[in-house]
Amino acid sequence: MARKPVKIHLTAAVGDTTRMVKQLRTATAQYEGRSAAFVLTFGHAPEPGDGQAYARDVNKSLRKAQPDMFVDATTRDFWNGGPSGSADLEIYFYTR
C-alpha cells in the first residue's frame, strides 16, 4: 500500500527565501530523521514560467531548511494558476 504524501502550503513573497526556509523547516520538523524520495512543488503564479520559477526557488529552499532530509530527493517544478507568492508541496518519503 502506497503512503500518502505530506502536503504543505507555503506563502512567501517572490524572492523571500528566508521566509521559505523558515516555513519549510517548521512544516517538516516532525519528519526529522526521514529521507524524502521526491517532491512535487506547484508554484502559484498567473503565468506558467513564473510559477515554475517560484517552485524551483521553493525546492532549493528545501535543501537549506532540512539538508539531511532532502539531500538526495528528486524535485519537480510545476505551475498552478493564481496569484504569485505561494506554493503547494507534496513530499513523498521513503517507507520504513
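At 11% relative accessibility, Ser 86 counts as buried (buried means under 20% relative accessible area, exposed over 50%, partly exposed in between, with a 1.4 Å probe and protein chains only). The model is predicted: local features need pLDDT of at least 70, side-chain atom pairs count only at pLDDT 80 or more, and totals for chains, interfaces and linings use all residues. Residues are numbered from 1 along each chain as its sequence is written, and side-chain values use heavy atoms, with hydrogens and water left out.

**Overall fold**

- The C-alpha trace spans about 40 × 30 × 20 Å along its principal axes.
- Of the 96 residues, 38% count as buried.
- The accessible surface comes to about 5700 Å², and 51% of it belongs to carbon and sulfur atoms (Shrake-Rupley method with a 1.4 Å probe; for residues, only the protein chains shown count as cover).
- Among contacts with a separation of 6 or more, 81% are between residues 24 or more positions apart (contact means heavy atoms within 4.5 Å).

**Strand pairing**

- S2 and S4 pair in the antiparallel sense over 8 bridges (two strands pair if DSSP finds at least two bridges between them).
- Ala 36 has Phe 93 of S4 as its bridge partner, and Val 39 has Ile 91 of S4.
- S2 also pairs with S3, in the parallel sense, over 7 bridges.
- S1 and S4 are antiparallel and share 6 bridges.
- Ile 8 has Leu 89 of S4 as its bridge partner.
- S2 is mostly covered, with 7 of its 9 residues buried.

**Nonpolar core**

- The largest nonpolar core holds 21 residues (a nonpolar core is a set of buried Ala, Val, Leu, Ile, Met, Phe, Trp, Tyr and Cys residues joined through side-chain atoms within 4.5 Å).
- Leu 10, Val 58, Phe 70, Leu 89 and Ile 91 touch the most other members.
- At least two core residues come from each of S1, H1, strand S2 (36-44), H2, helix H3 (67-70) and S4.
- Leu 89 shows the reach of its contacts: beyond neighbours within four places in sequence, its partners include Val 6, Ile 8, Leu 10, Leu 24, Val 39, Val 58 and Leu 62.

**Ser 86**

- Ser 86 lies in strand S4 (residues 86-93).
- Not counting residues up to four places away in sequence, Ser 86 touches His 9, Leu 10, Thr 11, Ala 12, Phe 42, Gly 43, His 44 and Tyr 54.
- Ser 86 and Ala 12 are 74 residues apart in sequence, yet 6.0 Å apart in space, C-alpha to C-alpha.

**Val 14**

- Val 14 sits in the loop between strand S1 (6-11) and helix H1 (17-28).
- Val 14 is exposed, at 59% relative accessible area.
- Setting aside neighbours within four places in sequence, Val 14 is in contact with Tyr 54, Ser 84 and Gly 85.
- Val 14 and Ser 84 are 70 residues apart in sequence and 7.2 Å apart in space, C-alpha to C-alpha.

**Salt bridge**

- The whole structure has 1 salt bridge (a side-chain nitrogen of Lys or Arg within 4 Å of a carboxyl oxygen of Asp or Glu).
- Asp 77 forms a salt bridge with Arg 56, and their closest N and O atoms are 3.5 Å apart.
- The pair links distant parts of the chain: Asp 77 is in strand S3 (residues 74-80), Arg 56 is in helix H2 (residues 48-65), and they are 21 residues apart.
- Asp 77 is partly exposed, with a relative accessible area of 22%.
- Arg 56 also counts as partly exposed, at 39% relative accessibility.

Key: Helix = DSSP H or I, 4+ residues; strand = E, 2+ residues; numbered from the N terminus.
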